[in-house]
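User: I have a new model open and would like a short walk through it. Can we start with the pockets?

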Amino acid sequence: MRTKYLIIGNSAGGIGAAEAIRQVDKEGALTVVSEEPYPAYSRPLISKYLAGERTFDGILFRPLDFYDQNNILFLPGRRVRHLELDSRTAWLEDNEQIAWDKLLLAVGGKPIFPKMKGSDKRGVFTFTNLDDAKAVDRFLDNARRAVVIGGGLIGISVTEALVKRGLDVVVVEMKERILNTILDEQASLMAEEVLKQAGVGIIAGHTVIEISGKETVEGVVLDDGKAVPCDLVLVAIGVSPRSELALDAKLRVKRGIVVDRHMATDHLGVYACGDVAEAYDFVYGDNRLTPIWPNAYIEGRIAGFNMAGILTKYAGGTAMNSLNYFGIDITSAGIPAAPDDDGYEIISKQGRGTYQKIILKDNLIVGMIAVGNIEKSGIIFGLMRDRVDVESFRQSLLADNFGLAVFPRVLWQERLETPLRSFSQSALSIQTEEKIFVGEQLSY
């Protein structure tokens, strides 16, 4: 078969691209191939599904008729095994071939699973997609105690779901504190205290070297020899880019697929976005992996517009997270802790159950954290994203009354004229931007 646009991947980036293409080109043949058998759903919400707080319909990313309504040929449960770039042909696992004019790789990431003795036992799971959540759900009748390996976003999200399902949970984190990649020490300690109050055990600074038991999990052994009894082990260390197709096709790959500011790879007509792509980070001024949901969607939109012939430049993204676990609201973006270099300034404020911090360099916001009181996070992030010089009002950034009234006149007039400025010059959907800091967990 032949298609004008071929999108491999059906999550945030793939859907963003499909919507952008259809905004420009209503008729060109558009095909979406997905290894998963499901229509697009929100991966950040699979922990809510496991907790029993959302049904499958409640985690759908788009309505079930999305593909029909947008004249998209959707091929679920199909895997692309090989790409031939010169002939612009994709081979599926059943040897069906799809010829394309423009190709987008939106294949996401795969769970990191370190080598551990006994990892093949019944009761060991990862947690990155709906099938993972369903597999854990089916096993819970056999489990009372769980060990979660990894204290990052995925690990803490599944920990909350397991606690809500009545399990005793211990989190094992290799680094010295949980959520260490997105929070500084103070914010991590606040999050850790909330987890402990909910009955979660936390073992930091150690790793699991063995999963014990006969055929089924009975416990884990740590690197210091300590044994922790459990019935279920959940490996939630993180994800790595699924770059196998790109490597096989000889695309340029570093940690992920390298793309330019138009989300184009080094091969004409081939694009990449989301967790698999190294895209521009406006805080660091360089390409980096930022495997989070909002960036994937926006990058997909950029790719889609360019695939459809509308030259669109990616303004850049950065690490940004909004979460609510165990009743605590947390937001973070950019650099969580200032490097040991000259030129960084930290503004912070702490109250009862609240903590706010902003990191500045050359009068630009390059990092932010808010715990408890996250009301102004959207405004702060907007200043960071738009590279606004805050010198004239830097001392007001964490004031209780901080808002447009504090801005210089020229700046607040600009904001009032464009109150929901998009992430790029194109007419990007504001849906994702509005949700970045409103309490939905959007970070994996």
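User: How does the lining of the largest pocket divide by class?
Analyst: This is a predicted model, where local features need pLDDT of at least 70, side-chain atom pairs count only at pLDDT 80 or more, and totals for linings use all residues. The lining of the largest pocket has 23 nonpolar, 14 polar and seven charged residues. Ala, Val, Leu, Ile, Met, Phe, Trp, Tyr, Cys and Pro count as nonpolar, Asp, Glu, Lys and Arg as charged, and the others, Gly among them, as polar.

User: What volume does the largest pocket have, and which residues are closest to its centre?
Analyst: Its volume is about 1200 Å³. Of the 44 lining residues, Thr 181, Ile 237, Gly 238, Val 239 and Pro 291 are the closest to the centre. A pocket is an open set of points on a 1 Å grid where a 1.4 Å probe fits, with protein on both sides within 12 Å along at least five of seven lines; lining residues have an atom within 4 Å of a point.

User: Which residues does Gly 256 touch?
Analyst: Leaving out residues up to four places away in sequence, Gly 256 touches Pro 241, Val 276, Glu 278 and Leu 289. Contact here is heavy atoms within 4.5 Å.

User: And how far is Gly 256 from Ile 209?
Analyst: The two are 47 residues apart in sequence and 28 Å apart in space, C-alpha to C-alpha.

Key:
Residues numbered from 1 in each chain as written. Heavy atoms only, no water. Points joined across faces, edges and corners; volume = space filled by probe spheres on them.
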